[in-house]
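Dear colleague,

Please find below the structure that I am handing over to you. My notes on it follow.

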Amino acid sequence: MDADAQSTSTSTTATSRAVDLTAVPAIPGAPKPDAVIVGDKITRKFGGLTAVDVDHIEIQRGVITALIGPNGAGKTTLFNLLTGFDVPDSGTWSLNGGSLQGVASYKVARRGMVRTFQLTKVLAKLTVLDNMLLGATGQRGEKLLSALFAFRWRGQEEENAARAHELLTRFKLDAKRDDFAGSLSGGQRKLLEMARALMVDPELIMLDEPMAGVNPALKQSLLEHVKSLRDEGRTVLFVEHDMDMVRDISDWVIVMAQGKIVAEGTPQAVMQDPAVIDAYLGAHHDTDLREMDEAALEAEAQAELEAQADGKATP
Ligand SMILES: Nc1ncnc2c1ncn2[C@@H]1O[C@H](COP(=O)(O)OP(=O)(O)OP(=O)(O)O)[C@@H](O)[C@H]1O
């Protein structure tokens with residue numbers, strides 16, 4: 001384990017809110033013991049295509065939930081809707097019981113829910129430190145009224161700089177604080193985006209494909225950082241195609257296909273669920289889950305060969 005990440009997770013376990021989810025029924029829309037997000041009848045259509053059609057969703061507080069599914073399943077669209085970056089055709093959802101319907105993305109962030117993007121939105125021509133400080137916008141200082149109280153704004157600036165420094169150290173980016181963000185590797189940009197999201201000290205952090213474009217050397221460190229978010233009491237919801245990551249760090253997995261939630265459960269249960277394997281294989285273009293369930297596929301191929309040898313037609 002990365003020494004820095006280890007010290008982070010060790011020092012933060014005291015505030016972990018993780019609970020055992022093995023007793024939660026493995027059914028789509030399963031009720032959770034302490035849901036931080038609850039959504040109902042959320043739909044989003046693009047022309048004739050229904051990208052999201054979620055009947056009920058609950059995200060448990062304090063654990064890591066993976067949202068998986070084949071390409072085009074609606075995962076990013078659902079992220080966009082929950083965080084106010086897109087507007088649904090119908091549906092309601094709440095954070096800690098407070099409705100987020102019609103709430104703009106920056107206000108959603110102020111209420112404690114932030115997200116990162118599939119393609120990182122770090123600003124290449126700003127320094128790493130300036131990117132961090134931008135992450136703190138939406139706080140007191142940017143308000144016109146606060147400009148009248150410059151002493152408060154200065155205090156906020158100092159607080160932000162201190163927090164940025166602390167986070168850059170934690171994410172091992174402190175040596176790069178004055179470099180242009182554009183000079184960072186793909187993995188470092190993902191780390192910067194995660195660090196920036198933490199500037200507002202969110203209760204819930206949503207990561208859209210945190211492993212995409214990250215070189216293998218940084219992957220383990222990134223995984224440990226995601227786990228440390230949970231270990232310090234935050235809720236993590238992430239979209240990912242990297243099934244190793246899903247298996248390694250998720251406490252719960254929600255599977256989408258064609259806009260709907262088709263399965264939920266612990267990683268172990270979900271990865272053996274025929275509905276999940278169907279959802280992936282039906283889409284024909286996600287190889288990760290194929291690799292993941294090689295044994296099941298081999299058994300299926302063997303059965304097919306035997307059926308052929310017996311002269312039976314296979315469906
Ligand atoms: N702005 C848009 N305009 C039209 N169609 C869209 C738009 N955004 C998404 N879609 C369509 O909605 C469906 C769901 O897309 P979405 O990006 O949410 O899927 P996803 O599960 O995140 O896929 P991936 O894993 O490939 O990122 C897809 O068919 C996509 O083409």
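M211 is buried, because 21 other C-beta atoms lie within 10 Å. The term buried applies when 20 or more other C-beta atoms lie within 10 Å of a residue's own, exposed applies at 12 or fewer, and partly exposed applies in between, with C-beta atoms placed from the backbone. Please note that this is a predicted model, in which local features need pLDDT of at least 70 and side-chain atom pairs count only at pLDDT 80 or more, while totals for chains, interfaces and linings use all residues. Residues are numbered from 1 along each chain as its sequence is written.

M211 sits in the loop between β7 (204–208) and α8. Helices (H or I, at least four residues) and strands (E, at least two) are DSSP runs, numbered from the N terminus. Leaving aside residues up to four places away in sequence, M211 touches K219, L222, E240, D242 and M245; two residues are in contact if their C-beta atoms, placed from the backbone, lie within 7 Å. M211 and L222 are 11 residues apart along the chain, and their C-alpha atoms are separated by 7.9 Å.

E209 is placed in the loop between β7 and α8. E209 counts as buried because it has 21 C-beta neighbours inside 10 Å. Its phi is near 50°, a positive value in a residue other than glycine. K41, in strand β1 (residues 35–46), has a positive phi of about 50° and is not a glycine either. With 13 other C-beta atoms within 10 Å, K41 is partly exposed.

**Overall make-up**

The protein has 13 helices and 10 strands. Of its 315 residues, 39% are buried. Among contacts between residues at least 6 apart in sequence, 71% join residues at least 24 apart.

**The nonpolar core**

The largest nonpolar core has 74 residues, and A195 and V255 have the most contacts inside it. Strand β9 (residues 252–257) gives the most to this core, namely six residues. A nonpolar core here is a set of buried Ala, Val, Leu, Ile, Met, Phe, Trp, Tyr and Cys residues joined through C-beta atoms within 7 Å. Not counting residues up to four places away in sequence, the residues that V255 touches include I68, G69, V270 and A279.

**The ligand shell**

Which residues are around the ligand? They are F46, L49, A51, G69, N71, G72, A73, G74, K75, T76 and T77. A residue is near a molecule or strand if its C-beta atom, placed from the backbone, lies within 6 Å of it. Both β2 (49–60) and α2 (75–82) supply at least two residues of this shell, and the largest share, three residues, comes from α2. By type, the shell divides into four nonpolar, six polar and one charged. Ala, Val, Leu, Ile, Met, Phe, Trp, Tyr, Cys and Pro count as nonpolar, Asp, Glu, Lys and Arg as charged, and the others, Gly among them, as polar.

F79 lies in helix α2 and counts as buried, with 23 C-beta neighbours inside 10 Å. Not counting residues up to four places away in sequence, F79 touches R115, M206, D208 and V239. F79 and L237 are 158 residues apart in sequence, and 9.3 Å apart in space from C-alpha to C-alpha.

T83 is found in the loop between α2 and β4 (90–95). It is buried, with 20 other C-beta atoms within 10 Å. Under the same exclusion of residues up to four places away in sequence, T83 touches S105, V108, M113, R115 and M206.

**The pairing of α7 and α8**

Helix α7 (residues 186–197) and helix α8 (residues 216–231) pack at an angle of about 10°, with their axes 10 Å apart. Axes are lines fitted to C-alpha atoms, for helices over the stretch in contact, and angles run from 0 to 180 degrees between N-to-C directions. The two helices α7 and α8 are therefore roughly parallel to each other; angles under 35 degrees count as roughly parallel, over 145 as roughly antiparallel, 65 to 115 as roughly perpendicular and the rest as oblique. In this contact, G187, K190, L191 and M194 in α7 meet L218, L222 and H225 in α8. These residues divide into four nonpolar, two polar and one charged.

A217, in helix α8, is exposed, with 9 C-beta neighbours inside 10 Å.

With kind regards
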